[in-house]
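Biologist: I would like to go through a model feature by feature. Please give the general idea where there is one, and then the case at hand.

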Number of protein chains: 2
Amino acid sequence: MAAHPKTQSTRIVLASRPERVPTSENFRTEMVDLPEVAEGHVLLRTVYLSLDPYMRGRMSTAPSYAAHVELGDVMVGGTVGQVLESRHPDVTEGDYVLAGAGWQSHAVVHGSQVRRLGPSAAPLSTALGVLGMPGFTAYSGLLKIGRPQPGETVVVAAATGPVGSAVGQIARLKGARAVGIAGGPEKCRALLEDFGFDAAVDHRDPDFARQLAGAVPDGIDVYFENVAGHVADAVLPLLNLYARIPVCGLVAQYNGSDLDGRDRLPGFLSQILTKSLTIRGFIQSEFAPEMYEDFLTEATGWVQDGTLRYREDIVDGLENAPEAFAGMLQGKNFGKLIIRVAPER
Amino acid sequence: MAAHPKTQSTRIVLASRPERVPTSENFRTEMVDLPEVAEGHVLLRTVYLSLDPYMRGRMSTAPSYAAHVELGDVMVGGTVGQVLESRHPDVTEGDYVLAGAGWQSHAVVHGSQVRRLGPSAAPLSTALGVLGMPGFTAYSGLLKIGRPQPGETVVVAAATGPVGSAVGQIARLKGARAVGIAGGPEKCRALLEDFGFDAAVDHRDPDFARQLAGAVPDGIDVYFENVAGHVADAVLPLLNLYARIPVCGLVAQYNGSDLDGRDRLPGFLSQILTKSLTIRGFIQSEFAPEMYEDFLTEATGWVQDGTLRYREDIVDGLENAPEAFAGMLQGKNFGKLIIRVAPER
């Protein structure tokens, strides 16, 4: 093992907690010395960093399913990296691996916490999107909770996003009708033309609620909830008896909601009761032990034969992560948002 | 078949729609001529009339899982009656049957819509309570949706009611810990002494939320929702990861909720997401095809050997149904509310 010349890492830490949409003031860039690569550990250079809505939750101290990031700590995040040095028997120098190295250019992590990425299966970046956590969120939530039956109608919001676009396409693969909700005519066109949804509805249109109703003549059997906000308000009245609502994200709420002083909970509970609805929150990790391998096998095949399409929004440079992240929370990106921290080779 | 002397029925019809708690002005008593007993039909004299919270929903035109009662129509309701005349081959004069004859002293119904009650199984009135719809609501919702595991904690509100008291007792039969919520010290005492709950909490106590927290040191795994209102607000923060919430009734909401101008939906959705909760509305009829016979067998055994206890609040006289019904919606009764319309024999 050759000594490596790299001894420092550029990293972005949490400087302060945002109240609504994070700004550049909430982050701080630092140069830090890398620790020694201890026995069992590996040194990675980050190639791709995934930016995902859940990170907004980690910036707050509000109760969540995962610990928040402490002030001064590096921001968390999934990464694809290359192994520069390995002191773990299962990891080889030069390997590309999936890791959770966070918002930094280099990291030393334990070798058991990386997963080797095969060279030919699909582009490396897909390990953070359609073949990674977002894709598995779509696959597991839709199949385990949504359980779409042939001929049923599945509605998903943020439908051009990495989770939403996979939800719609997998729903169609299972014989259901897929209706996507997205912001703006360009995204709606992509839903129909690129992702093959049966219908697309623009939630920015003032006539949104009526258009959504028109797009689901047989009602909604599965609503994949990854947005909340006023989208859900329009969906609720259209749900069918025994409809299922997998809840995997509440982007609109992360930044505070547009309250109008009305308590919507009684109406929501009435819908649950009168329509015998199932609402089920989930984090994809719950289903990983039982279905992650199946997902990888099945979804890799779909990606390779073009059945499951995906779109990536790759931004160059770690220094651009804060702005890109804030834009994503406001719906400005289009496709899976990934930071290219360094070239693949 | 002897001609029967009875040609008229006393009935209570819906006179106007209530805004909140129904009053006597919303009902009207009438005498009507009974129709001929046509081929296939039976004439019943009502012995017991069941009064249940769902009837409040039928008085409104708000969307519901069942059609509302039209103005001038007889109020719906489950009944135990005796057959005065039968023109159906499976029904015999003198039989006691379960029917849905509504708020009236006599009714002509089709013979296929009554179920014969065995003479010795349990008191006739239990067919409207612990061995009827409320008991099956508890049994099916708890076992199919709540799925309590040994050692888990089950919380139920309106716990001295016919559904709640069965929920707690069946939870204990399945090895779970049962915590009941009720209004007032007398009902709380009954939960512990009569129904064998592990703990009871008085929701009228100003210190309710803290007391509830103290009664569930390991958190809540199943919350059987049949009340809504401020009870649910106190329960939500105590729910464990993967907790299940069967929703079968929203009594507090039927009469309008005590809004404080806060939108509680975002907080509710956050709880669903961060704790991977399952919320599932249901009506017992959904599960009847697959488990009603099992319920009858199992629950009748429990009632006969004293394992499953029940309490009935029997009010004499059909004319007292409106006042008793309004009182039930305000939590004034104690046990399954039943109107004795006529003596058993």
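This is a predicted model: local features need pLDDT of at least 70, side-chain atom pairs count only at pLDDT 80 or more; totals for chains, interfaces and linings use all residues.

Biologist: What does the radius of gyration of chain A agree with?

Modeller: A compact globule of 345 residues would have a radius of gyration near 20 Å, and chain A has 21 Å, so the value agrees with that expectation. Along the principal axes, the C-alpha atoms of chain A fill a box of roughly 65 × 45 × 35 Å. The secondary structure of chain A comprises ten helices and 15 strands.

Biologist: Next, strands. How should I read the two faces of strand E5 of chain A?

Modeller: The general idea is that side chains in a regular strand alternate between the two faces of the sheet. In strand E5 (residues 96-99) of chain A, A:Tyr96 and A:Leu98 are on one side, while A:Val97 and A:Ala99 are on the other. All four are buried, so both faces of E5(A) are covered.

Biologist: Which strands pair with E5(A)?

Modeller: Strand E4 (residues 79-86) of chain A pairs with E5(A) in the antiparallel sense, over four bridges. Within that pairing, A:Ala99 in E5(A) is the bridge partner of A:Thr79. Strand E7 (residues 115-116) of chain A also pairs with E5(A) in the antiparallel sense, over two bridges. There, A:Arg116 in E7(A) is the bridge partner of A:Val97.

Biologist: Is helix H10 of chain B mostly covered or mostly exposed?

Modeller: Mostly covered: eight of the nine residues of H10(B), residues 321-329, are buried. Among them are B:Phe325, B:Met328 and B:Leu329. After H10(B) comes B:Gly331, with a positive phi near 80 degrees.

Biologist: Now loops. Where is B:His88 found, and what is it in contact with?

Modeller: B:His88 is in the loop between strand E4 (79-86) and strand E5 (96-99) of chain B. Its relative accessible area is 13%, which is under 20%, so B:His88 is buried. Neighbours within four places in sequence aside, the contacts of B:His88 include B:Gly40, B:His41 and B:Ser112. B:Ser112 is 24 residues from B:His88 in sequence, and their C-alpha atoms are 8.0 Å apart.

Biologist: Why do A:Pro18 and A:Gln284 count as buried?

Modeller: A:Pro18 has a relative accessibility of 10%, and therefore counts as buried. A:Pro18 lies in the loop between strand E1 (8-14) and strand E2 (27-33) of chain A. Beyond four places in sequence, A:Pro18 is in contact with A:Asn26, A:Arg56 and A:Met59.

A:Gln284 counts as buried because its relative accessibility is 18%. The loop holding A:Gln284 runs between strand E13 (278-281) and helix H9 (288-304) of chain A. Beyond four places in sequence, A:Gln284 is in contact with A:Met133, A:Phe136, A:Thr137 and A:Ser140.

Biologist: Last, backbone angles. What is phi for B:Tyr242 and for B:Ser276?

Modeller: The general idea is that most residues other than glycine have a negative phi. B:Tyr242 is not a glycine, yet its phi is positive, about 65 degrees. B:Tyr242 is in strand E12 (residues 239-247) of chain B, and counts as partly exposed at 33% relative accessibility.

B:Ser276 also has a positive phi, near 50 degrees. B:Ser276 is in the loop between helix H8 (265-274) and strand E13 (278-281) of chain B, and counts as buried at 3% relative accessibility.

Notes: Residues are numbered from 1 along each chain as its sequence is written. Chains are lettered from A and ligands numbered from 1 in the order in which they are written. Side-chain values use heavy atoms; hydrogens and water are left out. The radius of gyration is taken over C-alpha atoms; the globule rule is 2.2 Å times the number of residues to the power 0.38. Buried means under 20% relative accessible area, exposed over 50%, partly exposed in between (1.4 Å probe, protein chains only). Two strands pair if DSSP finds at least two bridges between them. Contact means heavy atoms within 4.5 Å.
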